[in-house]
Amino acid sequence: MKYFALIIASFILTNILPQTAKAASLDDLYRDIIRSDNQGYLPLFVKNRQEPEIIQDAPLDKIKHPPVSEKQQSGKTINLTNDTQLKLAQEKARQEKWEKTIKAVQENNVSPLDLEELNTRAGNNDGKATEILAWMYTNGIGVSQDLPTAFILYRKAENLKVPQAKENAIKVYKAMSAEQRSMVKN
């Protein structure tokens, strides 16, 4: 009989009592009450509860805020932003800007920003931008007509393996005057 009482007592101590005394702090007790009222679900406002920052009569420019994109942890900088999404967004913006520039050239409505985009890309050895810029200088679209510059740009496009660039450079060279040809040779 004592053996049977000992088994029942150990069962009660190990299985029933620990469940009733689950919470260790007032916060845990509060969370247990909320959880029982919501069928085991703990609402987000309870999960993310933090002490509010108290702002005393300090001007807004004097309040120090933690950095949003980086976190210091034991001397190491941890980037908290998603660089992949940021890079994709930047690439998409560059592509849209390039398409807008191409459309402006096609419509003979080149702005200084479009010309800057073309010059930047041509300076970065973009074959298509170099060829478009050479075509613009050949025809005087968006810039004043300058056959020596167009010839130089077509030669650069030829070095960048742009198809038909060599033939276009030859056509521009043939269209130049003797004075313009001497400018290119020097």
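**A walk through the helices and their core**

Let us start with the overall layout: the protein chain has nine helices and two strands, where helices (H or I, at least four residues) and strands (E, at least two) are DSSP runs numbered from the N terminus. Read from the N terminus on, the elements follow the order α-α-α-β-β-α-α-α-α-α-α. Please keep in mind that this is a predicted model, in which local features need pLDDT of at least 70, side-chain atom pairs count only at pLDDT 80 or more, and totals for chains, interfaces and linings use all residues. Residues are numbered from 1 along each chain as its sequence is written, and side-chain values use heavy atoms, with hydrogens and water left out.

Of the 186 residues in the protein chain, 23% are buried; buried means under 20% relative accessible area, exposed over 50%, and partly exposed in between (1.4 Å probe, protein chains only). The protein chain exposes about 14,800 Å², and carbon and sulfur atoms supply 55% of that area, by the Shrake-Rupley method with a 1.4 Å probe.

In soluble globular proteins, nonpolar side chains tend to be buried together. Here, the largest nonpolar core holds 24 residues, and Leu118, Ile132, Leu133 and Met136 touch the most other members. Such a core is a set of buried Ala, Val, Leu, Ile, Met, Phe, Trp, Tyr and Cys residues joined through side-chain atoms within 4.5 Å. Two or more residues come from each of helix H4 (83-106), H5, helix H6 (127-139), helix H7 (147-159) and helix H8 (165-175), and H6 gives the most, with six residues. For a closer look, pick Ile132: leaving aside residues up to four places away in sequence, Ile132 touches Trp98, Ile102, Val105 and Leu118, a contact being heavy atoms within 4.5 Å.

Next, look for rings. A search of the whole structure finds one aromatic pair. Phe151 and Tyr173 form this pair, which is tilted, with 5.3 Å centre to centre and 45 degrees between the planes. (Rings of Phe, Tyr and Trp, its six-membered ring, pair if their centres lie within 6.5 Å; planes under 30 degrees apart count as stacked, over 60 as edge-to-face and the rest as tilted.) Because Phe151 lies in helix H7 and Tyr173 in helix H8, the pair ties together parts that are 22 residues apart in sequence. Phe151 counts as buried at 10% relative accessibility, whereas Tyr173, at 23%, counts as partly exposed.
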